[in-house]
Amino acid sequence: MNTIMRKSVLSVAGLAFVGGVFAGPIAHVANSADTKPAAVAVQADKPDISKLIPHSTQGEQSHITLNDEQTANVKAIIAATKKAGLPERAAVISIATSLQESKLENLGHLGDMNDHDSLGLFQQRPSSGWGTPEQITDPEYSTTAFLKGLKQVDGWQDMPLTVAAQTVQVSAYPDAYAQWEQQAADLVAQYWNS
């Protein structure tokens, strides 16, 4: 950026440019006849819906009311997604997957009701190499493991949610993830910037 343009941009922002150094706010006195409203960049409170659901949702959508534990798990999934440097869409896929697999509950062993040795938010299996039972029941670890699998799926960003989730999870019910896309997107929109 050239010096004149930099001075203009800084002036609009209320900052001074002194000898190649940026200084703090400056007093700006202007004749009201030659003042023009400045364009101000405002960070959106919520992520753009077109990034959260780049394709329309597929099929009928489901919704559940979340308790405090489930909400904490949503926030943990979002935090792990950010820590992994992935965009909001990855959080939507992760949350929708967890909604399908566990209703966002960090499940331990369910005895006779257990699906093999599946555990945690994503119903990952120690016997399939997802990690130890202790690791899989840690929301940050299990989300990171899911995201690692997602990143290995070529073109996951451009796939329908259910295809991306199924490619990672290899579920007996591959189309079931789609029903949670809207709620997952709503949760990401609500908590991504909080």
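Modeller: Gladly, and a definition comes first: a polar contact is a pair of N or O atoms within 3.5 Å; within protein, one must be able to donate a hydrogen and the other to accept it, and residues adjacent in sequence count only if both atoms are side-chain atoms. This is a predicted model, in which local features need pLDDT of at least 70 and side-chain atom pairs count only at pLDDT 80 or more, while totals for chains, interfaces and linings use all residues. Residues are numbered from 1 along each chain as its sequence is written, and side-chain values use heavy atoms, with hydrogens and water left out.

Colleague: Thanks! Which backbone nitrogen does the side chain of Q70 reach?

Modeller: Q70 is found in helix α3; helices (H or I, at least four residues) and strands (E, at least two) are DSSP runs, numbered from the N terminus. With a relative accessible area of 4%, Q70 is buried, where buried means under 20%, exposed over 50% and partly exposed in between (1.4 Å probe, protein chains only). At 2.7 Å, its side chain reaches the backbone nitrogen of N67.

Colleague: And which backbone nitrogen does a side-chain oxygen of N67 approach at the start of α3?

Modeller: The distance there is within 3.0 Å.

Colleague: What do the buried residues of α3 pack against?

Modeller: The buried residues of α3 include N73, V74, I77 and I78. Contact means heavy atoms within 4.5 Å. By that criterion, they pack against α4, α6 and α8.

Colleague: How far apart are the end C-alpha atoms of α3?

Modeller: The expected span of a helix is 1.5 Å times one less than its number of residues. The 16 residues of α3 should therefore span 22 Å, and this agrees with the end C-alpha atoms, which are apart by 22 Å.

Colleague: Now α4: how many of its 15 residues are buried?

Modeller: From first C-alpha to last, α4 reaches 21 Å, close to the 21 Å expected. Just after α4, K103 takes a positive phi of about 55°. The helix is mostly covered, and its buried residues number 13 of 15.

Colleague: Which residues does L150 touch beyond four places in sequence?

Modeller: In soluble globular proteins, nonpolar side chains tend to be buried together. Setting aside residues up to four places away, L150 touches A90, I93, W156, A164 and V168.

Colleague: Is I136 buried or exposed?

Modeller: I136 lies in helix α5 (residues 133-136). Among the residues it touches, not counting those up to four places away, are L119, P126, W130 and Y141. Its relative accessibility is 0%, so I136 counts as buried.

Colleague: Last one: how many helices and strands does the protein have?

Modeller: From the N terminus on, the elements run α-β-β-α-α-α-α-α-α-α. Of the 194 residues, 39% count as buried. The secondary structure comes to eight helices and two strands.
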